[in-house]
Amino acid sequence: MSQRALPAAWPCIVTVLAVSLTCAATAHAAPKLEVSASTLRIPSGPHFAASSAVTLATEHKNTHLSAEITLFNRGDAALALHGLALSPDSAGFSVAESSLKSALAEPLPPHAQRSIRVQYQPTPGRQQAYGALLIYSNDPRDTDDPRTAERDFVRSVPLCAGESTLALWLWLAPLATGLLAALLWSLRQRRAASIRWATAGLLLLSGALPLFLLGYATHAFVRGFGVAQGNYGYQFLLQRVLAQSLPLTYHAGLDGLSLILAWSLELWAALRVASLLRSLWLPSCITQPDDRAPTARCLFAHTLLHSMALALLVSLDLVPLLFSLLVLHTAMGGLLPIRPRRIFTTVAVPSFFVFVAGLCFLAAHSQPTLLSSGGFVEHTTDLVKLSYQNYFADLPLLSAAGTGLWGRPIAPALYGLLALATLAPAIGLAVLCLRSPLSAASAPTCLLPVSSLVGFYLLVRVVAGLLPQAHSVLLPSLSAFSLFACAAAAFSSALRRTVRLEQRLPALPLLVPLSGALVGLASATATGTLAALLLLGSLCLSCTWLGQRLARLPRRTSCTPQHGTAHAPKNAPDAAESPESEALRVALLLFYAPPGTATFVGHALLALSAFAALRGVSVLYVALWLVSQYFALLWLRDQPIADKPPPPARSLHAGRALILASAIACFCVLPLFELGHTWSLDFISHTRHASAPPGPGFLAHRGR
Amino acid sequence: MEAVDRVLPEPLRQLGPSLPLTLFALLLAWLFLGSLLLRLAPLASLSLRGDALARLFLVGLLSALPWVRSLLWLPLAWFAVTWVGSLPYVTGRAAALATPPHAAARFLRRGLLADGLLLLACALFFWAQGGTWSRAGSGYIADMPPTTHAPGESRAPVDSALPVMRLSLSADAVLAPLERASSDRSGDADRPSLRTRLQGKIFFGIPTSAVLLALCLSALLVKLASAEVLLRALHARQVFLSPTIRAATGPLLLALAPLLLALHLWLCLRGLW
């Protein structure tokens with residue numbers, strides 16, 4: 001029966017198919033816009049090559065750089081171009097007037113093409129520019145512009161001039177070379193000279209490459225380039241959208257703050273790499289396993305710490321920044337012995353999650369913005385846009401309609417939480433340094449400068465950047481609180497009798513520079529801010545060198561159950577009697593910062609600069625510094641005099657050279673300050689809100 | 001780019017004096033740090049001792065004192081003298097030269113107190129020239145409104161007043177050629193004198209000049225007291241009666257240095273009151 005019915009149904013089937021095919025053909029009769037390049041890149045330098053996707057031309061007479069982009073209509077219907085526009089952050093870019101008129105004059109017929117010329121005029125000092133060309137058309141596949149009420153379809157083409165990948169290579173180069181070195185060192189043929197030489201060479205590269213790149217960046221850095229000049233004061237910018245759907249972006253750049261801190265970090269890295277290189281040639285490292293020889297894991301953790309700290313300093317997007325921070329803390333934990341690692345993890349993990357939660361909360365309340373790819377995003381993670389294009393000061397906890405306590409702005413509480421979360425790892429490491437005997441304080445002492453530097457950077461760049469009003473009001477109190485905490489820690493350290501004073505690190509020389517950095521920031525002066533950076537840089541030198549000398553002290557065997565530190569056996573040599581004692585004493589002298597060293601000058605500059613805004617805090621700071629100097633002088637008095645000096649070790653000569661170099665640094669620090677001066681002025685402008693008092697007045701006379 | 005943004009503020013500019021001054025200051029810093037280093041870790045190959053370098057440092061510093069007027073370098077010199085002053089307590093190879101510990105602690109306490117007081121006085125000197133502290137509770141208010149910023153943004157009020165960082169009280173003060181070159185470089189040759197700048201300034205409701213007088217006098221007297229402690233201790237050990245001049249020169253210089261510092265400060269400030 002079915003065989004009979006089938007021929008009868010043929011005409012119906014053919015008719016239905018024909019109708020459906022006709023309908024389908026009608027539905028596809030639509031314009032289809034295609035663009036010749038996904039990104040329009042215009043190198044801003046005088047020499048650039050034309051890429052295959054984009055036709056570039058230079059008009060040297062007007063110092064205009066221009067590039068052409070071609071629009072294709074691949075559809076079956078005419079493509080109506082309703083308008084061409086540039087995104088708000090496309091300063092310097094413009095669409096050539098002739099292109100604009102011809103493009104909008106008449107619709108683009110099917111399978112036709114039309115060129116649009118985009119011009120870029122570099123401004124003095126500004127070497128990079130990013131933006132987007134917005135093409136409004138009737139192509140239904142394009143996205144609707146959320147900023148307008150009517151339904152319009154827009155296609156965006158990212159514009160980019162003078163893109164620089166320096167910020168990327170700054171951390172990628174040491175990461176790659178360091179990981180290779182760790183991989184080589186993990187091979188079993190460690191005794192082979194070739195493996196040792198190759199590992200050493202790669203390690204050296206991992207330390208030297210960022211130094212070279214930083215040297216180039218310093219040379220090419222435009223002094224005086226600030227927020228007013230464009231790009232919010234950042235140079236060597238790199239913006240890439242990694243995944244449009246997430247959206248995941250990579251945004252990196254350098255300004256005065258990150259450049260100075262990167263130099264400080266490289267100072268730390270140079271000392272660490274030198275120490276690791278020396279350890280590679282230890283006899284015990286070659287003949288038998290020894291915990292003094294660097295393990296592959298140690299090299300791996302050092303590489304991650306170094307490169308991720310650099311990545312964090314250049315990152316201008318929250319996602320890569322938080323990822324770097326997470327890896328950095330993990331690497332720090334990997335470099336600590338077991339017991340201190342547990343204590344550090346107990347502090348670092350909760351603080352990290354508090355930090356992430358606070359930032360997520362702020363990012364969730366951000367304004368819709370344009371990505372560098374030209375696409376729209378509802379909430380941005382771009383640090384610059386969060387800092388400069390959002391206002392979080394009146395953000396209520398629940399909703400704008402909330403009443404009572406819960407409806408109040410939470411910026412101060414959020415600022416306090418975030419500031420504590422940024423500084424908590426450094427505080428944890430400082431506590432570990434102070435509670436351990438000298439022989440066990442090496443690792444935390446070496447790591448403290450990096451942790452302080454990162455904490456300071458996050459406080460300035462992220463917390464103060466996002467909540468400038470709360471920063472202006474609360475930082476003086478925070479700095480005063482940190483000074484009181486210093487005094488309390490020094491007092492409690494002096495009272496502890498479980499470990500002798502000579503066998504512990506002095507509290508005040510360790511803590512006063514850290515608090516001093518906060519005081520300098522709170523002083524709201526360019527001098528104070530830059531002196532804070534000087535203090536952090538000199539801490540990177542003195543603390544790291546001291547930590548490395550402590551690592552050479554005689555080993556202790558058993559661990560105390562109470563503090564996770566070591567007890568010396570009864571016949572173990574004292575620190576003062578060990579062969580490295582002289583080098584240790586020289587390292588301690590650098591740590592105590594006598595007059596003439598960079599740390600001392602940093603303290604003096606801070607005391608001078610903080611007096612205007614923070615009278616009481618400044619006096620307290622000077623008092624603590626004087627007490628620190630007093631104990632340093634007493635320590636100097638108590639040092640035994642060697643009638644017959646032992647043959648000097650190489651580390652002793654290096655320590656002497658570092659102290660004398662610190663004196664030179666006092667006079668050579670001005671070029672470094674010039675790098676950061678414009679940033680400091682911009683930072684003060686950003687954090688000083690019109691409603692805030694002209695000078696923070698905690699402990700100063702402030703009436704109503 | 002605004003040119004003013006590239007000019008460092010006054011306290012920082014003091015770190016970069018002219019080349020001869022920089023070299024001389026660097027030499028002094030090396031002598032001072034070298035004396036401490038040789039004290040901690042003597043060099044077997046070098047017959048030079050920490051005392052000798054300390055003596056050279058003191059001679060260099062004291063001879064340069066008439067030209068030290070910087071509010072940054074003056075406290076630094078005071079601190080350095082206190083540090084070097086601690087050397088006779090520790091470098092006495094002969095036990096007879098070592099002074100008792102309580103005297104050492106007293107000398108260090110007084111010396112550092114004087115240094116701290118001078119540092120705070122210098123800070124007050126510096127800021128009081130360019131502004132005043134509001135009694136209404138607004139904190140520090142600069143005299144001149146900021147003019148070098150983008151519209152809608154305010155620069156730091158404390159750096160815009162551009163106070164002077166030198167203790168030059170009158171225009172006809174005797175200035176060394178080096179210092180004159182330095183002041184010409186910073187472009188403040190026609191500035192009013194410090195006394196003029198401090199007129200009518202109030203600090204905590206008290207005239208700033210009076211606060212400064214109290215601070216400087218305290219620093220000066222405490223420094224003198226520290227010198228007195230050192231002199232007494234060394235005299236009790238009959239250090240000055242050493243048979244050789246060389247043995248007595250070092251302690252004598254160390255004891256005289258605080259006295260000379262106090263005298264220098266008084267001479268610097270004599271035009272203010």
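Which residues are linked with Arg41(A) in a network of salt bridges? The network joins Arg41(A), Glu163(A) and Arg240(A). A salt bridge here is a side-chain nitrogen of Lys or Arg within 4 Å of a carboxyl oxygen of Asp or Glu. By this rule there are nine salt bridges over all chains.

This is a predicted model: local features need pLDDT of at least 70, side-chain atom pairs count only at pLDDT 80 or more, and totals for chains, interfaces and linings use all residues. Side-chain values use heavy atoms, with hydrogens and water left out.

| Salt bridge | N to O distance |
|---|---|
| Glu68(A) with Arg117(A) | 3.0 Å |
| Glu582(A) with Arg585(A) | 3.9 Å |
| Arg232(B) with Glu228(B) | 2.2 Å |

Glu68(A) and Arg117(A) form a salt bridge. This pair links distant parts of the chain: Glu68(A) lies in strand S4 (residues 64-73) of chain A and Arg117(A) in strand S7 (residues 113-120) of chain A, 49 residues apart. Helices (H or I, at least four residues) and strands (E, at least two) are DSSP runs, numbered from the N terminus.

Exposure comes next. Buried means under 20% relative accessible area, exposed over 50%, and partly exposed in between (1.4 Å probe, protein chains only). Glu68(A) is partly exposed at 25%. Arg117(A) is partly exposed at 22%.

Glu582(A) and Arg585(A) sit three residues apart in helix H16 (residues 581-592) of chain A, about one helical turn. Glu582(A) is buried at 6%, and Arg585(A) is buried at 11%.

In chain B, Arg232(B) and Glu228(B) share helix H10 (residues 208-236), four residues apart, about one turn. Arg232(B) is exposed at 59%; Glu228(B) is partly exposed at 31%.

Technical notes
Residues are numbered from 1 along each chain as its sequence is written. Chains are lettered from A and ligands numbered from 1 in the order in which they are written.
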